[in-house]
Amino acid sequence: MKNRIVEEPKRRPVAERLRKLRISIAERELDALLVSQPENRRYLSGFTGSAGWLLISEKNAILATDFRYVEPARGESPAFEIVRTARELGDWFPGLVSDSGWHKLGFEANFVSYDSHHKLGEAMESKKVDLELVPTTNLVEQLRAIKEPEELDFITEAVKLADVAFEQARAAIRPGITEKEAAWTIERLLRQEGSETVPFEIIVASGPNAALPHARPTDRIIGPGEPVIIDMGARFNGYCSDLSRTLLLGKAGNTLEEIYDIVLSAQTTAIERVESGMDATQADRLARSIIEQAGYGDAFGHGLGHGVGLAVHESPTLGPGSSGSLADGMVFTVEPGIYLTGQGGVRIEDMVVLENGRARVLTGARKDSS
Ligand code: ZN
């Protein structure tokens, strides 16, 4: 690993995150919130284990986890009271809430499974605990959407790792190797540069496969004159990056060269014009209108971008059906694409942060197609 400007964090700004969350909990007239979504759990507590529940009320911050994680949790989550869980929810959960005096407990409706919800209800009923389970959405996600300076530092490092790995990989991505070989080269370079895992399966889509926005690398041999879409990312201190480039290997033909220029112009225009305060749908329009005017509206079948942080896809979502507006501190991708069945496609993706009302580009990888 090369020297990094950012070291492992000493103390995450957990207190401030909990303060903001408690305001949301009070606004929804809840007594407490049960958090189990992994990135939300990590964001609020610093806990990196793969299993556990947070219970957060005005006065309490409890992290309940099983024996594997009790010791690590004490180190990672000093602001939390650590409780060891038993196998069945009914064996530990009612005891934790029975003396709380709480009446309404929020849970993450997008994440708690039907089965877990049922078991929570049963557990409380069996112990005669009168606590209403109230579905909530986006309480923590909306906090995560606005990045703190430290988070931005980590994301910037993850972006740099992907930039460096891509620059090294692009020389190796040439006709004659398979998509899988190209993907492995990228993965190896990402890990050599210091990426903690790869945050999602690397996409290398060549020729007609490049018409599939989420193609998986295959044994297909990349041919001369073909488009190759590469979509890759790195992870640093838990934070992700997301980068797409399209290479046209040799003379790709007029149509592909034309759509490359259209996508590039849609992408750079969106980056120049996107503003804080703008609706997420409006941001999507900035690029989409250019692609539509060029006659390829139907071939841009996904949204313009998505937030990136602890998760590779998070708030905000920038698409035709999005809700909400953009704000300073948000980090998201700008990644228009055109996909032509049977022929291939082009996608160009950068990450940006909104600062002082405008987008600052974080990604440094070159955007030329060769
Ligand atoms: Zn993306």
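Buried means under 20% relative accessible area, exposed means over 50%, and partly exposed lies in between (1.4 Å probe, protein chains only). With that in hand, Y69 counts as buried, because its relative accessibility is 17%. This is a predicted model, so local features need pLDDT of at least 70 and side-chain atom pairs count only at pLDDT 80 or more, while totals for chains, interfaces and linings use all residues. Residues are numbered from 1 along each chain as its sequence is written, and side-chain values use heavy atoms, with hydrogens and water left out.

**Aromatic pairs**

- The structure holds five aromatic pairs; rings of Phe, Tyr and Trp (its six-membered ring) pair if their centres lie within 6.5 Å, and planes under 30 degrees apart count as stacked, over 60 as edge-to-face and the rest as tilted.
- One of them joins F47 and Y69, whose planes stand at 85 degrees with the ring centres 5.7 Å apart, so the pair is edge-to-face.
- This pair links distant parts of the chain, 22 residues apart: F47 lies in the loop between α2 (38-45) and β2 (53-57), and Y69 in the loop between β3 (61-65) and α3 (70-76).
- Helices (H or I, at least four residues) and strands (E, at least two) are DSSP runs, numbered from the N terminus.
- F47 counts as buried because its relative accessibility is 1%.
- W92 and F93 also form an edge-to-face pair, with 5.7 Å from centre to centre and 85 degrees between the planes.

- In α2, the residues N40, R41, Y43, L44 and S45 are buried.
- Just after α2, G46 takes a positive phi of about 85 degrees.
- Helix α4 (residues 89-97) has L89, W92, F93, P94 and V97 as its buried residues.
- These buried residues of α4 pack against β1 (32-35), β2, β3, β5 (104-108) and α5 (114-126), where contact means heavy atoms within 4.5 Å.

**Charges over rings**

- The charged end of R17 sits over the ring of Y43, 4.1 Å from its centre; the criterion is NZ of Lys or CZ of Arg within 6 Å of the ring centre and within 35 degrees of the ring normal.
- R288 has its charged end over the ring of F300, 3.9 Å from the centre of that ring.

- The domain assignment gives domain 1 (14-143) and domain 2 (145-361), with bounds that come from an automatic or database assignment.
- Taken over C-alpha atoms, the centres of domain 1 and domain 2 are separated by 35 Å.
- Seven residues from domain 1 and 10 residues from domain 2 take part in the contact.
- Between them the domains bury about 690 Å², 41% of it on carbon and sulfur atoms; buried area is the accessible area (1.4 Å probe) that two parts lose on being put together, summed over both.
- In domain 1, the residues that lose the most area to domain 2 are R17, E39 and R42, together 53% of what that side buries.
- Domain 1 and domain 2 share one salt bridge, defined as a side-chain nitrogen of Lys or Arg within 4 Å of a carboxyl oxygen of Asp or Glu.
- The side chains of R17 and E148 meet in a salt bridge at 2.5 Å, N to O.

**Around F236**

- F236 is found in strand β9 (residues 235-236) and counts as buried because its relative accessibility is 4%.
- From C-alpha to C-alpha, F236 and H306 are 19 Å apart in space, and they are 70 residues apart in sequence.
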